[in-house]
Amino acid sequence: MAATVKDTMNSMLSAMHLGGDKKEATYHAPSENDYNTLREKFEKAKQGHVFDTYDDLKPEEKGFLYQQLEPVDPEYINKITEKALHHPKPKDEEERPKLEQLPESAQCSVIDSKQEDLDKWYESGLKLVADNQVAVVLMAGGQGTRLGSSAPKGCFDIGLQSKKSLFQLQAERIRKLEQLARKAHSKEEVTVPWYIMTSGPTRQPTQDYFEEHKYFGLNRNNVVFFEQGVLPCVSMEGKILLESKGKVATAPDGNGGLYSALINNGIVLDMEKRGIKHIHAYCVDNCLVRVADPTFIGFSASKDVDIATKVVRKRNAKESVGLILLKDGKPDVVEYSEIDSASAEAKDPKDSKLLKFRAANIVNHYYSYRFLESIPDWAHRLPHHVAKKKIPCVDEKGNAVKPEKPNGIKLEQFVFDCFPFLPMDKFACMEVKREDEFSPLKNAKGTGEDDADTSRRDILAQGVRFLKEAGVTVTSDEPDADVEVSPLISYGGEGLEFLKGKEIKAPAVIEKQ
């Protein structure tokens, strides 16, 4: 019975996403019977307009449009669009959600945890890595458009002396972690599989980049690429938009599309075959991310939770970040725009120096395998959110329209929308130091916030801290002492004893012993 339910849900998940759009494929016009059957399905859902200019298309264009539309359930698109567009809002204070801090039993902080606890979590996490039970999922669908690049964001060079990209930094952390686990537990082979979720436009460039750089020393069989899904763009009235006469306008389904993509692309099945039990998921734009962090894995596994999340302290009451907290008694993420100023500025009753709600979401999560295996049971419950956009399209006569103001919506899901599905004893939160683990790359160089300059600064400042903690003297003729410590030398500050007592003049790169 359970298998039947899962098979049904898998079909439904597949139907939510559009097919086609594979440029190397050859398309043939469908048979008249197949075409009529599909058109009837869309007309019944009052979406038959997508075929208004079908007769104007060449045979291969008809085939492409058919392949795009065939897996789509238009009634489902209607349903999620209606729900997203007319989401009920609280009418008064009584209907507003109750916001509370997470219970102490569900959280810890590396800032004030006992060293013996941190060591215990690290050692137990490293053992799980050594036992080949840990995998990594990377959300890397974005392009570097805002950074002035059309390449995948992970390819971006933040200006380090080594010229290492975000992808390379993260790959080298995986290599170092495998090495640490092998050494600590006398294992001949340790593998941390890396599952990289791309989008349609970034899939091929990402794979080509890894091929060109020989997978940065990782075994290519343990680096698995897969694509997130897309959904049709719709008008403000809920009608599916066409980008051209023979192509549906589509958009990625948001980072919450991760869950259906893990099922549809066979990733969860691959994890099962490999014996994976613990998964770390994160976004590509964080240059400081500790990939498959043993301390985080060990902490999460010790609490036997299904989801855990890393957070950093909110800088101040006005910082525009989502917060991890309890919303009506359930773990959730509440966006900064949803919190009133009184709540944002409230102080922690146990420490007036701290904000009450300070756990800033950095999209850095732990999942148990059993939770990901259950995706088909709950994916249909994930809500869709509306993003109003200017979407190039064609009108009912097939004429191109380039809108000057938002004319449609993109439907997207958020990765944290499944948090409330969990009972509190299956959710946990770990506060980490921002300077050690979070420096996102979001803006063009020179903006002064979350840009290439701040990413570079934070990597180099961390390198100096690592060295000083290891007993190294760092000198510089410049105001800023910049030293880049390769992840191949040190994953998180360890392994630098060979430099103790020495003096290093910045700028410098520590790449080998």
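D306 touches Y366, Y367, S368, R370, F371, L422 and K426, leaving aside residues up to four places away in sequence; contact here means heavy atoms within 4.5 Å. The model is a predicted one, in which local features need pLDDT of at least 70, side-chain atom pairs count only at pLDDT 80 or more, and totals for chains, interfaces and linings use all residues. Residues are numbered from 1 along each chain as its sequence is written, and side-chain values use heavy atoms, with hydrogens and water left out.

Two of these neighbours also meet D306 through polar contacts: its side chain lies 2.6 Å from the side chain of S368, and a polar contact of 2.5 Å links the side chains of D306 and R370. A polar contact is a pair of N or O atoms within 3.5 Å; within protein, one must be able to donate a hydrogen and the other to accept it, and residues adjacent in sequence count only if both atoms are side-chain atoms. D306 has a relative accessible area of 10% and is therefore buried, given that buried means under 20% relative accessible area, exposed over 50%, and partly exposed in between (1.4 Å probe, protein chains only).

The loop between helix 10 and strand 12 holds D306. Helices (H or I, at least four residues) and strands (E, at least two) are DSSP runs, numbered from the N terminus. D304 is found in the loop between helix 10 (294-302) and strand 12 (307-313); its relative accessible area of 40% makes D304 partly exposed.

Most residues other than glycine have a negative phi, and most peptide bonds are trans. D304, however, has a positive phi near 55 degrees. V363, also not a glycine, has a positive phi of about 50 degrees; V363 sits in strand 17 (residues 359-368) and is buried at 17% relative accessibility. A cis peptide bond, with omega about 0 degrees, joins A506 and P507, and P507 lies in the loop between strand 25 (503-506) and strand 26 (508-510).

Turning to a sheet, three strands form an open arrangement in the order 7-21-18 with antiparallel pairing, where two strands pair if DSSP finds at least two bridges between them. Strand 7 (234-235) and strand 18 (385-389) each have a single partner strand, so one side of each is left without a neighbour in the sheet. Strand 7 pairs with strand 21 (residues 408-412) over 2 bridges, and S235 stands opposite G408 in strand 21.
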